[in-house]
Amino acid sequence: MEYLLHGLILICIYAILAVSLDLIAGHAGLLSVMHAAFFGLGAYTSALLVVQLRQSFIVSMLAGVVVVAVFAFIISLSTLHLRDDYFVISTFGFQIIIFSILNNWMGLTRGPLGINNIPPPVIFGWTVQSRISFLLMSIVFAVCTYSIINRIAMSPFGRVLRAIREDELFAQSVGKNTFKAKIAAFVVSAIFASVAGGLYAHYITYIAPGSFSIMESILVLTMVIIGGAGSRWGPVIGAVVIVALPETLRFLGLPDSIAANLRQIIYGILLVVMMVFRRHGILGKYSFGHSSL
Amino acid sequence: MQILLNGLVAGTSYALVAIGFAISFQVVGFFDFAFAATLTAAAYATWSASALGAPPIVVIAVGPVTAAIVGAIFEYVVYGHLRRRGSSSLVLILASLGLMIAVINLISLAFGDSPRNVEGFPYGVSVIVFTAHITPIQIGSTLIFILVTSLCLWVFYYTRWGLLIRVVADDADLSRSFGIKINQKILQATILGSAVGGLAASLSAIDTGLTPSLGFNLLLPGVVAAIAGNRKIIGVALCGIVIGIIHQLGGWWISTAWKDTILYVVLIIFLLLGSRRFFVKKLWQ
């Protein structure tokens with residue numbers, strides 16, 4: 001039962017990540033591979049404020065949101081004028097830079113040693129101690145994230161994002177400020193990644209840079225692709241599939257060292273297979289465009 | 001002086017990777033992340049050959065041959081298929097990410113994550129050049145870099161094949177209308193590019209050892225050298241060397257722990273500046 005609750009909590013956290021990434025990747029067509037960097041920044045900000053400055057859970061989460069929003073805004077100013085491949089590469093580079101900072105700034109983050117003894121969340125006097133109560137809290141956060149992102153996607157702003165995805169030049173020609181729209185979407189997406197980071201830190205109670213590497217970013221992107229980019233439930237389905245997959249490997253009784261590599265191999269193959277056979281994912285309507293070649 | 005020399009030698013590896021990447025990139029037209037897997041496969045093939053007791057020339061040659069085969073398989077089985085279906089560069093990038101993860105983890109599963117060294121080469125000896133130490137392996141790598149770069153320049157600017165590759169890179173549709181077999185040329189360029197990159201990975205593995213992340217660590221500096229050099233072989237080679245020097249100097253000035261971070265910051269700057277120039281050039285064409 002505890003194991004099932006653990007799985008469900010992870011599904012909620014990764015669903016927040018996938019749904020938020022879908023706003024820019026699925027709706028705006030901006031393939032970002034630095035979502036784990038924002039996830040990590042949110043986790044570390046929240047953890048540091050709670051552990052070192054004894055701040056409350058709510059204050060630490062809000063601080064994480066602010067920090068990540070600032071980072072996302074600054075990064076977006078330099079990367080969002082780039083197109084396609086160059087945007088992907090630039091987010092790739094920023095992901096690695098942020099990971100390097102988390103891994104090497106010993107004085108602040110304790111580098112590879114990570115931050116431990118992160119206390120459970122306390123919300124208005126209620127200590128979220130047990131797994132079931134953490135699951136309830138995670139569900140609330142996940143539902144809120146889904147509702148907000150879905151509302152944004154269905155709004156006129158969401159239509160602008162999809163117009164950018166389909167034909168940015170046309171969107172500009174009809175008077176839409178596409179650059180501002182992309183920045184807004186990028187920052188909103190990053191904010192929810194930081195919320196997921198804060199939840200993750202307080203649930204696992206120990207964080208280290210390895211949890212927020214480029215592989216994690218590609219994993220979240222894989223969730224979006226598999227579930228279906230630009231769809232309502234696709235990223236959630238993708239999160240369920242990807243989180244549940246390692247558990248099916250456990251039934252094979254493989255040692256952890258082999259299982260870790262095998263999991264990554266399966267993720268990689270799934271990504272290739274989806275691109276070849278079902279580009280729009282399980283539930284998606286949007287498949288990344290076609291070239292004239 | 002030692003730092004500068006170390007940077008020059010590291011830069012030759014980055015430059016070779018960049019040349020290999022640029023050769024393939026100019027015809028395939030997307031950032032192939034799976035190039036990192038190709039480089040890693042080459043490095044481990046080199047190690048395997050040395051573990052089996054092969055002579056040094058075979059140990060070095062196995063790397064580029066393996067890389068060429070792996071690159072050809074990726075192109076023929078995955079990218080060529082996607083391209084024929086009219087897939088955009090984003091689809092190809094996603095497929096390359098999947099291939100990179102799958103293949104590198106396959107190599108990690110097969111060989112483990114522990115660092116390995118290539119045997120059978122003269123380690124522990126060095127010569128002194130202007131007060132700096134350089135090993136025979138590093139001298140050999142530098143000479144091979146000069147030879148391969150010269151060869152690539154000759155192939156691309158003085159042979160018919162090179163002319164056809166440049167024509168396809170410039171305008172694939174027009175090339176096709178003149179009867180040039182695009183897919184064949186893309187495959188050939190991929191094989192050559194992979195072989196050059198694989199050679200760099202082999203030499204790097206022989207010099208400093210290898211882990212499954214070797215390909216990844218060589219790829220990003222190589223990619224940005226390719227962008228900064230505007231995909232011209234001489235420019236790419238020079239940018240690779242400059243990046244190598246910056247990498248070493250960064251570690252010396254600040255800290256070795258921050259060496260990679262400094263490099264990636266410089267890479268982002270090169271990337272943002274390089275892509276602006278690339279896009280300006282594209283507008284004028």
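This is a predicted model: local features need pLDDT of at least 70, side-chain atom pairs count only at pLDDT 80 or more; totals for chains, interfaces and linings use all residues.
Local features need pLDDT of at least 70 and side-chain atom pairs pLDDT 80 or more, while totals for chains, interfaces and linings use all residues. Residues are numbered from 1 along each chain as written, chains are lettered from A in the order written, and side-chain values use heavy atoms, without hydrogens or water.

**View 1. Helices H7 and H8 of chain A cross at roughly 140°.** H7(A) covers residues 156-173 and H8(A) residues 178-204. Helices are DSSP runs of H or I, at least four residues, numbered from the N terminus. The two axes come within 10 Å; axes are lines fitted to C-alpha atoms over the stretch in contact, and angles run from 0 to 180 degrees between N-to-C directions. H7(A) and H8(A) are therefore oblique (under 35 degrees is roughly parallel, over 145 roughly antiparallel, 65 to 115 roughly perpendicular, the rest oblique). Their crossing is left-handed (near helix turned anticlockwise from the far one by less than a right angle). Contact residues include A:Phe157, A:Leu161 and A:Ile164 of H7(A), and A:Ala181 and A:Ala185 of H8(A). Contact means heavy atoms within 4.5 Å. By class, the residues are 8 nonpolar, 2 polar and 2 charged (nonpolar: Ala, Val, Leu, Ile, Met, Phe, Trp, Tyr, Cys, Pro; charged: Asp, Glu, Lys, Arg; polar: the others, Gly among them).

**View 2. Helices H1 and H5 of chain B pack at about 25°.** H1(B) spans residues 2-28, H5(B) residues 136-158, and their axes lie 9 Å apart. The pair is therefore roughly parallel. The crossing is left-handed. From H1(B), B:Leu16, B:Ile19 and B:Ile23 are among the residues that meet H5(B), whose partners include B:Phe145, B:Val148 and B:Phe156. This contact has 9 nonpolar, 5 polar and no charged residues.

**View 3. Chain B meets chain A.** In the interface, 47 residues of chain B contact 44 residues of chain A. The buried area is about 4,300 Å², with 76% from carbon and sulfur atoms (accessible area, 1.4 Å probe, lost on putting two parts together, summed over both). In chain B, B:Leu90, B:Leu94 and B:Ile101 lose the most area to chain A, together 15% of what that side buries. Between the two chains there are 0 salt bridges (side-chain nitrogen of Lys or Arg within 4 Å of a carboxyl oxygen of Asp or Glu).

**View 4. A:Glu2 forms a salt bridge with A:Arg131.** The closest N and O atoms are 3.2 Å apart. The pair links helix H1 (residues 2-27) and helix H6 (residues 131-154) of chain A, the partners being 129 residues apart. Over all chains, the structure has 5 salt bridges.

Technical notes: Helices (H or I, at least four residues) and strands (E, at least two) are DSSP runs, numbered from the N terminus.
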